[in-house]
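Me: Got a model open here and want a quick walk through the fold. Can we go through it together?

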Amino acid sequence: MGVTAAFGMAARRWYLLIPLMAASGGVAWLAYTQMPASYTATAVYQVSTSTASDAKSVSKSRGLTLASREAPPDPLAVAKSAATDLVDSVHPQPPPGSTAGRPNAQPVTIQLQPGTPVITVRAVADRVEHALDAVTATTTQLTDRLRGIAEEQRSLANTQLTLDAVNPVAYQPPLRTVGRRVGLVTLLFCLAMSVLLAATVER
């Protein structure tokens, strides 16, 4: 029996073909959902600076504005430098539940946007709560380390460094790369078997 003839006979038995195709879709969906998924959580932060006192003092007696003896550091340059040191010195732990050799066993990444004090934290895990916990733990590491950087640099004695959330931690829908392939192969196989079954039954 040729392929065209098989499709023609199956089309004439649409009352069998439609339920079989629906069952094929269900089997493919089941195969897709049974594959392991990866969950991604991200958060974006910015290193900000604030001075404890003004860089200028006002003379009450003369009513004049006097410049300070030392020029205050550029806040943006200070923030960029602190952000660079922060990314280089913090080494986050992998998300809990990760197993070596699995697609979801990926380390937490900390990326610095070039030319800015903006930092992106990204975690991939096999469960959404694991990914969120990894980002939260890394954020705590960044905050603690930022305090240390401010204390280590004497030039920042009157400058406070803070890690402000630009985009709070959030997670993306699960990603099943292997599941897509398995589901597609299962769907094609089941559809082919449905057509053949509908074409050959009651011949």
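Me: What does the secondary structure of the chain come to?
Reply: This predicted model has 5 helices and 6 strands. Helices (H or I, at least four residues) and strands (E, at least two) are DSSP runs, numbered from the N terminus.

Me: And how do the elements run from the N terminus on?
Reply: The order is α-α-β-β-β-α-β-β-α-β-α.

Me: How much of the chain is made up of buried residues?
Reply: Buried residues are 32% of the 203 in the chain. Buried means under 20% relative accessible area, exposed over 50%, partly exposed in between (1.4 Å probe, protein chains only).

Me: What share of the contacts comes from residues 24 or more positions apart?
Reply: 78% of the contacts with a separation of 6 or more. Contact means heavy atoms within 4.5 Å.

Me: Helix packing next. At what angle do α3 and α4 cross?
Reply: Roughly 125°, with the axes of α3 (residues 75-89) and α4 (residues 128-152) coming within 10 Å. The axes are lines fitted to C-alpha atoms, for helices over the stretch in contact, and angles run from 0 to 180 degrees between N-to-C directions.

Me: What does that make them to each other, oblique or roughly perpendicular?
Reply: Oblique, therefore. Under 35 degrees is roughly parallel, over 145 roughly antiparallel, 65 to 115 roughly perpendicular, and the rest oblique.

Me: Which residues meet there?
Reply: Ala82, Asp85, Leu86 and Ser89 from α3 meet Leu142, Arg145, Leu146 and Ile149 from α4. By class, that contact has 5 nonpolar, 1 polar and 2 charged residues. Here Ala, Val, Leu, Ile, Met, Phe, Trp, Tyr, Cys and Pro count as nonpolar, Asp, Glu, Lys and Arg as charged, and the others, Gly among them, as polar.

Me: Now the largest nonpolar core. Which members touch the most others?
Reply: Val47, Leu86 and Ile119, out of 25 residues. β1 (39-51), α3, β5 (118-125), α4 and β6 (159-171) each supply at least two residues of this core. A nonpolar core is a set of buried Ala, Val, Leu, Ile, Met, Phe, Trp, Tyr and Cys residues joined through side-chain atoms within 4.5 Å.

Me: What is Leu86 in contact with, leaving aside neighbours within four places?
Reply: Val47, Ile119, Leu142, Arg145, Leu146, Ile149 and Leu163.

Me: And Ile119, where is its place?
Reply: Strand β5. Ile119 counts as buried because its relative accessibility is 0%. Beyond four places in sequence, Ile119 touches residues including Ala43, Tyr45, Val47, Leu86 and Ile110.

Me: Switching to the ends of the chain. Where is Ser24 found?
Reply: In helix α2 (residues 14-34). Ser24 counts as buried, at 3% relative accessibility.

Me: What does Ser24 contact, leaving aside neighbours within four places?
Reply: Leu187, Cys190, Leu191 and Ser194. Ser24 and Leu191 are 167 residues apart in sequence, with 6.1 Å from C-alpha to C-alpha.

Me: How about Ala192, where is that found?
Reply: Helix α5 (residues 177-200). Ala192 counts as partly exposed, at 40% relative accessibility.

Conventions. Residues numbered from 1 in each chain as written. Predicted model: local features only at pLDDT ≥ 70, side-chain atom pairs only at ≥ 80, totals over all residues. Heavy atoms only, no water.
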